[in-house]
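Dear colleague,

Please find the structure below, together with its sequence.

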Amino acid sequence: MKNKFVILLIYFISIYEISYAEKFIFESSKIKVSDNGNILTTSQGKVESDNEDLLITAEKFKYIKSLDLLEAIDGSALLKKNNLKMFFKKIQINNKDFTINASKGVQINDLENSLDIEGETIIFDRKNNILKATNAFNI
C-alpha cells in the first residue's frame, strides 16, 4: 500500500511541475519556423502566455522549443500577477527553471508599490517570487 501511495505522489508532483510551464501565443506579421519546428523567430510583435499573465512587446523574438526558452530584444514586458512592468534591451524567459533574466539595461516599475528599479541585469525567480539585481542598480 505504501508503494502505491509513493508512486501516486511522484506522479502528481511530476504533473504539477509539467503544468506549471507556460505556453506562448505569438502575434506578428512575420514568423519564421526552422530546425524542424524547434526554433521560431519573429520581428516586431507581441507574445502572450496562454494564462494571460505575461505580455511581451518587442522588436525581435526567438523561441527555442527544446529548451523551452523565449528570448526577446528591445521591448517591454508586463507581469500582471506581480504588477510589474519591465523595459529591457534583452530578456530571456526560461520555463524550465521559471526565471526571467533581463540584461543590457533594465527598468522595472512596480505598479502596486510605486517603486522603480534600474539595473544592468535583473533576474526574477517566478516560482519563489524573488527579484535579484546584479551589477549597478538604482531604486
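**Aromatic pairs and core**

Searching the whole structure gives 3 aromatic pairs, a pair being two rings of Phe, Tyr or Trp (its six-membered ring) with centres within 6.5 Å, called stacked if the planes are under 30 degrees apart, edge-to-face if over 60 and tilted otherwise. Phe24 and Tyr63 make an edge-to-face pair, with 5.8 Å from centre to centre and 75° between the planes. This pair connects distant parts of the chain, 39 residues apart: Phe24 belongs to strand 1 and Tyr63 to strand 3. Strands are DSSP runs of E, at least two residues long, numbered from the N terminus. Ring pairs join Phe24, Phe26, Phe61 and Tyr63 into a cluster.

This is a predicted model: local features need pLDDT of at least 70 and side-chain atom pairs pLDDT 80 or more, while totals for chains, interfaces and linings use all residues. Residues are numbered from 1 along each chain as its sequence is written, and side-chain values use heavy atoms, without hydrogens and water.

Phe24 is buried at 13% relative accessibility, where buried means under 20% relative accessible area, exposed over 50% and partly exposed in between (1.4 Å probe, protein chains only). Tyr63 is also buried, with a relative accessible area of 13%. Leu70 touches both Phe24 and Tyr63, among other residues (contact: heavy atoms within 4.5 Å; residues up to four places away in sequence are not counted).

Arg126, in the loop between strand 7 and strand 8 (130-138), is buried, with a relative accessible area of 12%.

Conventions:
Helix = DSSP H or I, 4+ residues; strand = E, 2+ residues; numbered from the N terminus.
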